[in-house]
Amino acid sequence: MVAEKIILLVEDNQADEELTLRALARNNILNRVIVARDGVEALDYLQGSGAHASKDRSQMPAVVLLDLKLPKIDGLEVLRRVRADERIKLLPVVILTSSKEESDLIAGYSLGANSYIRKPVSFEKFSEAVRHLGMYWLLMNESPPVR
Amino acid sequence: MKPSVLIVDDSLTVRMDLDGALREAGFDTAQCATLVAAREALAKAAFSLIILDVLLPDGDGLDLLRDIKRSLATASIPVMLLTTETEVQDRVRGIHTGADEYVGKPYDVTYVVSRALEFVRRGQEEVARDANVEVLVVDDSATFREELKSHLETARYRVMTAVSGEEGLRKAADLRPALIVVDGVMPGIDGVTFIRRIRSDVGLRHTPCLLLTASDGGNGEVQALEAGADAYLRKGSDMALILARLAAVQRSAQSTASWGQPTGYLAPKRVLAVDDSATYLQSLADELALERYDTVLARSGQEALDLLAVQPVDAILLDLIMPGLSGEETCRRIKSSPAWRDIPLIILTALDEKEAMLAGINAGADDYITKSGDFEVLKARVRAQLRRKQFEDENRRIREQLISKEMEAAEARAARELAQTRAQLLSDLERKNEELESFSYSVSHDLRAPLRAIEGFSHALREDYEPRLDENAKHYLNRICEAAERMSELIDALLELSRVSRREMHFERVDLSALAQSIVAELRRAQPDRQVEFVVEEGLCAKGDPPLLRVALSNLLGNAWKYTGKREEARIEFGVRTLGTGRTFVIKDNGAGFDMEYVGKLFGAFQRLHTDREFAGTGVGLATVQRIIRRHGGDVWAEGVVDVGSTFFFTLPIVTEG
């Protein structure tokens, strides 16, 4: 059986979470979406620690949509730890943020982000971006082997 | 080891007299009656001082002096010429040949011994010092510079060079050399001006300067000394002589700079007597000899000036009525020279020369005395003047020391305060920048999130409840979305404005013509249906930060593009004009233009001269342009005529070719 392609959405803003889910649904991306509401939750899920200690490790997401401004551990730090962890360092991570500060862009790519998308205010445009994102990371892209 | 003196004199009396006195003062001595014997003695032993007669049975003492100063082994030995005075010119010649001291016969033995002790003391101080004295050579001729440099280096000086007065001043200030040799004639700042500037700098005031010049004659010399040079040499002079003079200047500078015991009131003095009457001069000399002064007799004002240029004296006696340069004029010249004006000057007058005497006093003389009076009064007057000079010197020395200490302290204080203020400002600035940075970050990130929600959920409402919404409700929802979009644009524009103020600039040469072409190409791609003629002058270049200049040009060209939107035949020009002193870049369009009455509002943030209905915009673009241009040290302004067009002018640092 082909492994299910899960999306991990790391987002603390409830409105943004809802809008992202709406945009995914609107584009017929019906994959399972797991939402982590801060950096710690995201890392627990990915590293199989804390609340997710007993989780089946084969259920790795096909892509992580990562906000930068997060409670507890911020997005850049989450990314750094993912890339430092042998088991999950190949995971595709797409930064999805409000910021278009150059410093964030540089830091994001330097830490090994696969893509950087700035959330536009217009939902039409955001929806379009999400459609491309789903198309690429869930259909075109071959996920790295799970270790 | 005792210091040793070589005495070269053909008179046995003189030799015995000096020998006895010097031995008593703690010297070893050697005596020679001829040049040949002196050369032999010099080849065999080292001496701390040479006392040399000029007229010797087998030749001219000056020849030996020249050889001594030319040979590396002996150049540093001080030489005191001791000779029967015939002419002032002999004295001048002797000192020019390299003599460190010149004493006329009949001499005063205590004077000679005192000078000998002084030379030996200086010599010891010199040995105790670091041998690598730093010399700055300022000359525009590379050949001469290199020649002197190699000679100086052989003599163990450390040499730095400058090719112009300007460079010399910079290097002198930075490197603080111990000695300066400067060429008199140079393009730009000449030698005399150079020395004046050195003398006006607190830190360099006491640095000895030696002026080299090609010009002959006493005039250049007087000029040089007036400017404050410590010595003066013709460029044609022997290199060895230049070196000897340099060493002598350095020696004397050291003894003054060290503020050692100043020459006391009781120390021997040198008096210059100037009179055209040989008879009177002789009797004056005889009387002054009783006072143990070294007396120099000058027959004219010119001779007196020549002598002063090479040898300092402690007092001057000056006849007023003389052929040639008058006493009055001589007095005026002496008193107008910074180097000489403090020397006490007593004018000698006949009883019936009241007018002349007044003129002399007016010309700056310190005292006067009638020639017919008895010499006791004259000697008393001279003593009084010497005493006065002594006190003044001491006072001045103390004052100068105090002032220089105070100035140093003030300078140090000022420098410290400046450094503190600067550090404080810098840290304030850094802190403010950091605050601004985090503020902008929050604006960029947090202000947009609610906007996204407003827009997104309005959108959702319209989409999900389409059948149940009437046209009015849809219209309101559209308005909400538009407002959110607009606010998002404003946030972006504001961030851009703050970014151009914060961005660190890296100046490079920027091809503005190419930049403008690429911006217009982008505009054409965004609105392919528009027909706009764009004319750009080739090769417009400026110095600036490329990303910032792109933002500025994008705004200006974007405006021109936008405001020509309603023109059938839109035209935008980009070129350069020479206005006033510099080049001014010009961007001209035939668009909507503006009313000059409101030109003052043009560059203010959020100021607009058109409604959004006419032309959309944030009102931040030109404020951004102005900030960028001003950060480059340029300026931007505009002219407009409603319905005819706008012209924007801006200046930038120009690229200097090559």
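**Exercise 1. Chain B in outline**

Task: For contacts in chain B with a separation of 6 or more, find what share comes from residues 24 or more positions apart.

Solution. Residues 24 or more positions apart account for 66% of these contacts in chain B. This is a predicted model. Next, take the secondary structure: chain B has 20 helices and 24 strands. Then take burial. Of the 658 residues in chain B, 36% are buried.

**Exercise 2. Chain A in outline**

Task: Give the order of the elements of chain A from the N terminus on.

Solution. Start with the count: chain A holds five helices and five strands. Their order is β-α-β-α-β-α-β-α-β-α. Buried residues make up 37% of the 147 residues in chain A. Last, the contacts. Of those between residues at least 6 apart in sequence, 69% join residues at least 24 apart.

**Exercise 3. Where chain B touches chain A**

Task: Which helix of chain B supplies the largest share of the side that touches chain A?

Solution. Count the residues. The contact takes 15 from chain B and 14 from chain A. Then list the helices of chain B that each supply at least two residues to that side: H15 (375–446), H16 (448–464) and H17 (471–502). The largest share comes from H16(B), with nine residues. The chain B side divides into six nonpolar, five polar and four charged residues.

**Exercise 4. A helix pair in chain B**

Task: Describe how H17(B) packs with helix H20 (residues 621–631) of chain B.

Solution. Take the geometry. The axes lie 9 Å apart, at an angle of about 0°. Angles under 35 degrees count as roughly parallel. H17(B) is therefore roughly parallel to H20(B). Now name the residues. H17(B) contributes Glu496(B), Leu497(B), Val500(B) and Ser501(B), while H20(B) contributes Ala623(B), Thr624(B), Arg627(B) and Ile628(B). These residues divide into four nonpolar, two polar and two charged.

**Exercise 5. Nonpolar cores**

Task: Which residues touch the most other members of the largest nonpolar core?

Solution. The general background: in soluble globular proteins, nonpolar side chains tend to be buried together. The largest core has 73 residues, and those touching the most other members are Leu49(B), Ile50(B), Ile51(B), Leu52(B) and Leu272(B). Helix H12 (residues 301–310) of chain B gives the most to this core, six residues. Now take Leu52(B) by itself. Leaving out residues up to four places away in sequence, Leu52(B) touches Val8(B), Gly61(B), Leu64(B), Leu65(B), Val79(B), Met80(B), Leu81(B) and Leu82(B). A second, separate core has 41 residues, among them Val510(B), Ala516(B), Phe574(B) and Leu622(B).

Technical notes:
Residues numbered from 1 in each chain as written. Chains lettered and ligands numbered in written order. Predicted model: local features only at pLDDT ≥ 70, side-chain atom pairs only at ≥ 80, totals over all residues. Helix = DSSP H or I, 4+ residues; strand = E, 2+ residues; numbered from the N terminus. Buried ≥ 20, exposed ≤ 12 C-beta atoms within 10 Å, placed from the backbone. Contact = placed C-beta atoms within 7 Å. Nonpolar A, V, L, I, M, F, W, Y, C, P; charged D, E, K, R; others polar. Axes fitted to C-alpha atoms, helices over the stretch in contact; angles between N-to-C directions. Parallel < 35°, antiparallel > 145°, perpendicular 65-115°, else oblique. Core = buried A, V, L, I, M, F, W, Y, C linked by C-beta atoms within 7 Å.
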